[in-house]
Amino acid sequence: MSEAPMTSAVCFHDQHYTLDIGQDFLDDAIAGLLNSPKWASPKYFYDYRGSQLFDAICTQPEYYLTRAEEKVLTDRASEIAEVVGENATLIELGSGASRKVRTLLEAVKPRHYLGVDISRDFLIQSTERLAADYPWLDVHAAWADFTSPMHLPSGLDAGGRPVVFFPGSSIGNFTPALARTLLSNLANMLPPGGGLLIGVDRMKDREILEQAYNDAAGVTAAFNRNLLTRYEIELGSDIDPEQFEHRAFLNEAEQRIEMHLVSRKAQTVALGGLRIPFDAGESIHTENSYKYSDEDFKTLAAHAGFESRALWHDPDRLFSVHYFERGSTLEFLPESLIPG
Ligand code: AVI
């Protein structure tokens, strides 16, 4: 790990502990495709192109999540500023490219901003843009996998309240058990009274949910297939993404949207020196997106040591933004979400 100034405007912190990122990617890809049923880790969606495609998803008419969350942040900006307080350190999980963090920065006027992202190039670009647009803000970038325990870089642990901003219902991409571990890790990183402002998608009608993950322009399908394009380009696989169909549906029993890539035909693909067979119609499970009731999410956060302080919704009550504070005692020690 190293902590060194990146540019005059942004201080860069390398908290990426993996020695060989390419090997991890290959190992995970092989483990997923040898499993029955087949799976792929959604954390690999977010290379540069994947991050761009995700930004494009957020502007699709069917994908209500982004607009609903932005509406809450805009309408409730002064209430949010009041609970967060002055001179805060805002820690954003995921890059600072979205409009949401700008709304928040303008309302809360924190002293420090720390962007945390696994996609190094995207992180650098987005934090440099924030530093240019908000010259009064002390901008830091941590290249880190926030699914592992993190620490606050020195210099950011003093002053006002540290507040983690975890927008977009990204918490929904973890199983409830892993979501609790992730929240426990965040609680361990924060001092008592530290804040967590978190966007959570609410459970709702099948039709609205399924349309959000099956946009007519096919952007979500392209985002899903980009994972296989990465297997092709970065891992040297001969897999043809076009031979896989995008499928997304509500699994009501599990309270989640599932995304899959379904093989259009019986085929064999090469990966890492192996030949991996697919039946026609066999799927690779690529993502879960859990949806929560307000009470269920408060219970989950309470188990990780967070006490509910405020809760806001958009006018259509599609989306929730919770504000929690870390309690004074914690049950859990930091733990990696990734086994092994
Ligand atoms: C990042 N995450 C919250 C998105 C979601 O809605 O689960 C990722 C996504 N997958 C398909 N569309 C958007």
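## Helices 3 and 5

Let's start with a helix pair: helix 3 (residues 64-75) packs against helix 5 (residues 99-108) at an angle of about 5 degrees, and their axes sit 10 Å apart. Angles under 35 degrees count as roughly parallel, and helix 3 and helix 5 are therefore roughly parallel to each other. Keep in mind that this is a predicted model.

Who touches whom here? On the helix 3 side you'll find T66, E69, E70, L73 and T74, and they meet R99, K100, T103 and L104 of helix 5. Sorted by type, the residues of this contact come out as four charged, three polar and two nonpolar.

## Around H260

Next up is H260, which belongs to strand 10 (residues 256-263). Is H260 buried or exposed? Its relative accessible area is 9%, and buried means under 20%, so H260 is buried.

The side chain of H260 makes a polar contact with the side chain of E258, at 2.8 Å. Setting aside neighbours within four places in sequence, H260 is in contact with N224, with E245, H246, R247 and F249, and with S283, I284, H285 and T286.

## The whole protein

The C-alpha atoms fill a box of roughly 60 × 45 × 40 Å along the principal axes. For 340 residues, a compact globule would have a radius of gyration near 20 Å, and the protein's value of 20 Å agrees with that.

As for the interior, 54% of the 340 residues count as buried. Among contacts with a separation of 6 or more, 71% come from residues 24 or more positions apart.

How values were computed:
Residues are numbered from 1 along each chain as its sequence is written. This is a predicted model: local features need pLDDT of at least 70, side-chain atom pairs count only at pLDDT 80 or more; totals for chains, interfaces and linings use all residues. Side-chain values use heavy atoms; hydrogens and water are left out. Axes are lines fitted to C-alpha atoms, for helices over the stretch in contact, and angles run from 0 to 180 degrees between N-to-C directions. Helices (H or I, at least four residues) and strands (E, at least two) are DSSP runs, numbered from the N terminus. Angles under 35 degrees count as roughly parallel, over 145 as roughly antiparallel, 65 to 115 as roughly perpendicular and the rest as oblique. Contact means heavy atoms within 4.5 Å. Ala, Val, Leu, Ile, Met, Phe, Trp, Tyr, Cys and Pro count as nonpolar, Asp, Glu, Lys and Arg as charged, and the others, Gly among them, as polar. Buried means under 20% relative accessible area, exposed over 50%, partly exposed in between (1.4 Å probe, protein chains only). A polar contact is a pair of N or O atoms within 3.5 Å; within protein, one must be able to donate a hydrogen and the other to accept it, and residues adjacent in sequence count only if both atoms are side-chain atoms. The radius of gyration is taken over C-alpha atoms; the globule rule is 2.2 Å times the number of residues to the power 0.38.
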